[in-house]
Amino acid sequence: MEIYLDNSATTKVLDEAAKKAYEIMVSDFGNPSSLHHMGMVAEKEIKYARKAVADLMGREDKGLYFTSSGTEANNLAIMGAARSMIKRGNKIITSNIEHPSVLEPCRRLEKEGFEVVYLKTDGDGIIRSEQLEKAIDEKTVLVSIMTANNETGSLQPLSDIAKFKDRYNFIFHTDMVQAYGKVSPEYVPDGVDIITVSGHKVHAPKGVGAIWIKEKVNIKPLMLGGGQEKGMRSGTENVPAIAAFGIAADVAKRDIDENINNMCKVRDYLWNGIKAEIPNVKLNTPLMNSVSSVLNVSFAGIRAEVLLHTLEQDGIYVSTGSACSSNKKNRSHVLRALNLKPSEIESAIRFSFSRYNTVEDMDTVILKLEQAVSKFRKLGSFR
Ligand code: PLP
């Protein structure tokens with residue numbers, strides 16, 4: 001038995017997407033820059049995927065460029081946008097719950113002379129526009145706020161932030177990696193200038209991401225070379241992964257309502273079960289204002305890592321926070337930003353869902369969780 005609940009870290013590749021990648025690797029393996037027939041076949045695959053990936057964002061394919069990951073797309077968005085605006089101003093506004101692929105480029109830019117303001121969230125992990133109001137001014141050239149947080153699932157008020165564009169002239173970027181295919185594209189308002197996403201969070205292979213840039217928004221590319229992707233991202237395209245991303249985006253768009261409803265049912269069932277069966281738990285996800293793919297819960301008195309490995313023995317896979325930050329000593333900058341106590345952070349488990357999870361499986365998860373938590377609490381050996 002295997003119950004995979006770590007879908008915010010990565011997802012199983014869809015069969016159709018894997019098949020497409022395989023076909024391209026072994027048969028249609030031409031370089032899209034080649035002038036012959038095989039090059040044209042590869043080019044066609046990319047063209048199809050560009051439209052599908054942009055479609056799932058509710059955007060035109062014209063401004064969409066493929067990258068190697070969500071991380072690269074975020075680096076390009078932040079550094080490319082800020083550096084192209086330096087003559088106009090040097091202020092960047094972001095939040096303290098962004099993914100490291102946004103925060104680290106911001107820190108690099110601070111060294112280059114930019115001023116970066118890290119907005120603080122409220123207790124639900126949500127940025128309030130009053131915070132932005134206080135920070136924004138004429139010098140602000142870039143605002144980067146994620147659509148949904150990767151650890152708690154909290155959705156950010158992008159429409160409220162977009163309203164500031166009436167008064168100020170800044171580039172608005174959103175890291176949509178955790179919300180892509182999990183919210184209707186309209187959630188990201190027209191005022192957003194740059195959207196970044198990642199393939200492996202939506203059942204495409206790892207190693208492919210994308211950035212969408214609105215017409216007339218200027219970005220300086222980071223990768224220089226042969227001028228692929230209209231010069232925005234040089235380097236021979238990862239055609240198998242890009243084409244598979246296109247298939248995954250098509251399927252995600254087709255099934256979006258069904259997938260959201262299923263994840264919502266699974267998440268609510270799991271939370272209600274945890275609440276009913278296990279005392280002293282704390283919900284860290286604002287259920288009324290979050291993507292349905294994430295549920296973050298602290299189990300008082302239990303070290304999350306121990307719980308994770310115990311569940312693993314029963315084939316249940318969860319996370320203790322963002323997989324991307326699991327090698328760092330200070331594990332969760334996000335949960336710290338929410339003002340959780342250290343004991344609540346150390347006992348936090350993230351369950352994250354996909355189209356493949358079922359309500360029936362959650363009965364097993366609740367049972368195994370209850371058994372493990374009560375066993376460790378009786379032992380009382382973890383603090
Ligand atoms: N942004 C967010 C919110 C993420 O959760 C992640 C990965 O977990 C990324 C960016 C980075 O994406 P990738 O793994 O494709 O580099």
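Biologist: Which residue has a polar side-chain atom 2.7 Å from a nitrogen atom of the ligand?

Modeller: Keep in mind that this is a predicted model. Among the residues that come nearest to the ligand are Thr71, Gln178, Ser198 and Lys201, and one further residue belongs with them. The polar side-chain atom that lies 2.7 Å from a ligand nitrogen is part of that residue, Asp175.

Biologist: How much of the 390 Å² that the ligand exposes when taken alone does the protein bury?

Modeller: Let's look at the contacts before the area. A backbone N or O atom of Gly70 lies 2.8 Å from an oxygen atom of the ligand, and a polar side-chain atom of Thr71 lies 2.6 Å from an oxygen atom of the ligand. Of the 390 Å² that the ligand exposes taken alone, the protein buries 92%.

Biologist: Which helix gives the most residues to the shell around the ligand?

Modeller: There are 15 residues around the ligand. By class, this shell has 3 nonpolar, 10 polar and 2 charged residues. The helix that gives the most, with 3 residues, spans residues 70-84 and is α3.

Biologist: Which residues does Val53 contact, leaving aside its neighbours within four places in sequence?

Modeller: Val53 is one of the residues with the most contacts inside the largest nonpolar core. Leaving aside neighbours within four places in sequence, the contacts of Val53 are Leu64, Phe66, Tyr180, Val197, Ala210, Phe245, Gly246 and Ala249.

Biologist: How many residues does the other core have, the one that includes Trp271 and Phe376?

Modeller: This core lies apart from the largest one, and Ala304 and Val373 are also among its members. Its number of residues is 28.

Biologist: Is Ala248 buried or exposed?

Modeller: Ala248 is found in helix α7. Beyond its neighbours within four places in sequence, Ala248 is in contact with Leu14, Val202, His203 and Ala204. Because its relative accessible area is 1% and buried means under 20%, Ala248 is buried.

Biologist: How far apart in space are Ala248 and Lys375, C-alpha to C-alpha?

Modeller: Along the sequence, these two residues are 127 residues apart. From C-alpha to C-alpha, the distance between Ala248 and Lys375 is 41 Å.

Biologist: Which residues does Ser332 touch, not counting those up to four places away in sequence?

Modeller: Ser332 sits in the loop between β11 (316-317) and α10 (333-337). Its relative accessibility is 2%, so Ser332 counts as buried. Not counting residues up to four places away in sequence, Ser332 touches Glu151 and Ile345.

Biologist: What is the phi of Lys216, and is this residue buried or exposed?

Modeller: The place of Lys216 is in the loop between β8 and α7. Phi of Lys216 is positive, in a residue other than glycine, with a value near 75 degrees. Because its relative accessibility is 81% and the cut-off for exposed is over 50%, Lys216 counts as exposed.

Biologist: What is the phi of Asn280?

Modeller: Asn280 lies in the loop between α8 (256-277) and β9 (281-283). With a relative accessible area of 57%, Asn280 is exposed. Its phi is positive, though the residue is other than glycine, and the value is near 55 degrees.

Notes:
Residues are numbered from 1 along each chain as its sequence is written. This is a predicted model: local features need pLDDT of at least 70, side-chain atom pairs count only at pLDDT 80 or more; totals for chains, interfaces and linings use all residues. Side-chain values use heavy atoms; hydrogens and water are left out. A residue is near a molecule or strand if one of its heavy atoms lies within 4 Å of it. A polar contact is a pair of N or O atoms within 3.5 Å; within protein, one must be able to donate a hydrogen and the other to accept it, and residues adjacent in sequence count only if both atoms are side-chain atoms. Accessible areas come from the Shrake-Rupley method with a 1.4 Å probe; for residues, only the protein chains shown count as cover. Helices (H or I, at least four residues) and strands (E, at least two) are DSSP runs, numbered from the N terminus. Ala, Val, Leu, Ile, Met, Phe, Trp, Tyr, Cys and Pro count as nonpolar, Asp, Glu, Lys and Arg as charged, and the others, Gly among them, as polar. A nonpolar core is a set of buried Ala, Val, Leu, Ile, Met, Phe, Trp, Tyr and Cys residues joined through side-chain atoms within 4.5 Å. Buried means under 20% relative accessible area, exposed over 50%, partly exposed in between (1.4 Å probe, protein chains only). Contact means heavy atoms within 4.5 Å.
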